[in-house]
Amino acid sequence: MTDLFDVLIVGGGPVGACAATLLVRGSSNTRSPLSVCLLEPKRPQLPTAGSPLDSRVVAISRASERILNSAGAWPRVTGPRVEAYERMRIWHESTSSENALVFDAAEVGEPNLGYIVENRLLQAALLDEFTAAGGHLLSADFQDLRVDADAVVVNTSTGTFSAKLVIGADGAKSAVREAVGLTASVVEFNETAIVATVATERSHQKTAWQRFMRDGTLAFLPLADGTSSIVWSADNNLATRLDALSAAEFESELNRASDLALGTTRLASERSTFPLKRIGAHRYVTQRCALIGDAAHVVHPLAGQGVNLGLLDAATLAQMILDARIEREDPGALRVLRSYERWRKSEVAFMSTAIDAFDRFLAHGSGPVSRLAQLGLGWVNRSQELKRMFISRALGVAGELPRPAR
Ligand SMILES: Cc1cc2nc3c(=O)[nH]c(=O)nc-3n(C[C@H](O)[C@H](O)[C@H](O)COP(=O)(O)OP(=O)(O)OC[C@H]3O[C@@H](n4cnc5c(N)ncnc54)[C@H](O)[C@@H]3O)c2cc1C
């Protein structure tokens with residue numbers, strides 16, 4: 001006999017932990033609360049006050065802020081380690097940062113465009129909220145599963161469990177995706193992201209800075225202690241060369257690539273590298289199983305949308321499951337899961353295509369389409385209407401939103 005849960009989620013990264021918390025909190029005051037088990041072998045601790053900021057950070061949109069609020073985790077996230085950013089300055093190397101396309105929160109009556117949050121803080125806050133709300137967190141590795149008519153039997157490193165629904169939130173290399181036979185297209189960008197914390201001569205002015213170049217994209221994300229986190233998505237050849245440089249040599253390449261928009265820049269942490277791929281599962285659901293977050297789709301980091309798309313998946317799927325619960329429906333029923341897939345797959349495809357176009361034409365392109373894209377930055381800058389449209393996309397509040405994001 002194995003423990004039987006309503007929902008078992010594999011992977012307590014930010015997306016899986018958020019889905020788990022929304023399900024527990026959303027059903028706790030009903031006549032039949034959902035039993036939710038979350039498998040996560042690597043639980044991070046909340047960073048201690050005053051400890052240096054991590055270089056791995058994410059830009060969190062307004063929609064994500066609302067979802068984290070609905071999950072009860074936002075008060076655990078927000079505080080002195082989080083920076084609200086009020087502006088974005090985007091420019092191409094063919095022009096200077098003074099001619100950048102500027103998106104300003106004040107222009108659309110918003111207090112900010114989002115927040116820069118350490119990955120570790122976000123994940124730890126969600127996991128703490130999940131356990132505080134009564135969720136069952138298991139420190140175990142997923143091994144394999146078998147889908148039966150009434151439940152899924154899941155083997156883990158600490159035992160066997162079963163659930164009416166299994167959610168794969170185990171990241172880009174999802175073992176759950178593999179185990180249930182959901183195929184995915186994988187496209188190499190032939191780029192590597194170099195991530196580090198840097199100290200800049202001039203203040204970041206609560207602004208996210210992004211420069212498109214012919215061999216990649218360099219972003220500076222403002223951090224709460226005045227430093228910035230850089231994400232330099234460079235063509236593989238360049239990335240290999242940059243990775244081999246000493247700190248001083250790297251800093252001088254960084255000053256060249258940033259065009260000194262923030263003055264001279266010094267490394268304030270080690271550098272880490274992330275090879276970049278686009279992954280898209282052909283289907284997000286199958287009998288008694290759904291994929292969310294990076295397990296379903298991985299996009300280029302240049303638009304800072306990976307976690308934001310994943311949190312919208314989590315909120316949408318949680319809404320479908322909670323609604324099905326009210327109707328006394330099986331959470332693993334394909335009808336319930338398909339409505340999640342229909343909603344999210346088209347939204348993700350739209351965003352992924354738009355991000356790829358930015359990467360292809362602004363970061364790498366030459367020729368007429370690329371020139372047109374460069375001119376396009378100036379046109380957007382001169383049109384309030386286009387700016388508003390882009391800002392509402394960046395805030396994640398365009399289109400139909402699941403309840404936790406409203
Ligand atoms: C350089 C870079 C910069 C980025 N910047 C941004 C940004 O600014 N904004 C943004 O929105 N996104 C950004 N992203 C994307 C973002 O980091 C990912 O989209 C996000 O981490 C996905 O979250 P997830 O929970 O789906 O997966 P993950 O964060 O990968 O979490 C998966 C979890 O599953 C667990 N797991 C894996 N295998 C198993 C197993 N067998 N059993 C049990 N558990 C398992 C892991 O321990 C992990 O905790 C960036 C990505 C990169 C590479």
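The legends below describe close-up views of a predicted model. Local features rest on pLDDT of at least 70 and side-chain atom pairs on pLDDT 80 or more, while totals for chains, interfaces and linings use all residues. Residue numbers start from 1 along each chain as its sequence is written.

**View 1. The shell around the ligand.** The ligand has 32 residues around it, and Gly11, Gly13, Gly171, Gly293 and Gly306 come nearest. A residue belongs here if its C-beta atom, placed from the backbone, lies within 6 Å of the molecule. Helix H1 (14-27), strand E3 (57-60), strand E12 (184-200) and helix H8 (306-326) each give at least two residues to the shell. H8 supplies the largest share, 4 residues. Helices (H or I, at least four residues) and strands (E, at least two) are DSSP runs, numbered from the N terminus. By residue class, the shell holds 16 nonpolar, 11 polar and 5 charged residues. Here Ala, Val, Leu, Ile, Met, Phe, Trp, Tyr, Cys and Pro count as nonpolar, Asp, Glu, Lys and Arg as charged, and the others, Gly among them, as polar.

**View 2. Helix H1 against helix H8.** The two axes come within 9 Å and cross at roughly 30°. Axes are lines fitted to C-alpha atoms, for helices over the stretch in contact, and angles run from 0 to 180 degrees between N-to-C directions. H1 and H8 are therefore roughly parallel; angles under 35 degrees count as roughly parallel, over 145 as roughly antiparallel, 65 to 115 as roughly perpendicular and the rest as oblique. The crossing of H1 with H8 is right-handed. A crossing is left-handed if the near helix is turned anticlockwise from the far one by less than a right angle, and right-handed if clockwise. Residues are in contact if their C-beta atoms, placed from the backbone, lie within 7 Å. This contact of H1 with H8 comprises 14 nonpolar, 3 polar and 2 charged residues.

**View 3. Helix H1 against helix H4.** Helix H4 covers residues 119-132, and its axis comes within 9 Å of that of H1, with a crossing of roughly 25°. That angle makes H1 roughly parallel to H4. The crossing is left-handed. H1 contributes Pro14, Ala17, Cys18, Ala20, Thr21 and Val24, which meet Leu122, Gln123, Leu126, Leu127, Glu129 and Phe130 of H4. Of these contact residues, 9 are nonpolar, 2 polar and 1 charged.

**View 4. Helix H2 against helix H8.** Helix H2 (residues 62-70) packs on H8 at an angle of about 45°, the axes lying 9 Å apart. H2 is therefore oblique to H8. H2 passes H8 in a left-handed crossing. Ala63, Ser64 and Ile67 of H2 make the contact with Val307, Asn308, Leu311, Leu312 and Ala315 of H8. The contact residues are 6 nonpolar and 2 polar, with no charged residue.

**View 5. The sheet E3-E7-E4.** This open sheet has 3 strands in the order E3-E7-E4, with antiparallel pairing. E3 and strand E4 (83-85) stand at the edges with a single partner strand each, so one side of each has no neighbour in the sheet. From one strand to the next the twist averages 30°. E4 pairs with strand E7 (residues 114-118) over 3 bridges, where strands pair if DSSP finds at least two bridges between them. Tyr85 is placed opposite Gly114 in E7.

**View 6. Strand E17 and its partners E12 and E20.** Strand E17 (residues 272-281) and E12 pair in the antiparallel sense over 10 bridges. Thr192 stands opposite Pro275 of E17. E17 also pairs with strand E20 (residues 297-298), again antiparallel, over 2 bridges. Ile279 has Val298 in E20 as its bridge partner.

Methods
Contact = placed C-beta atoms within 7 Å.
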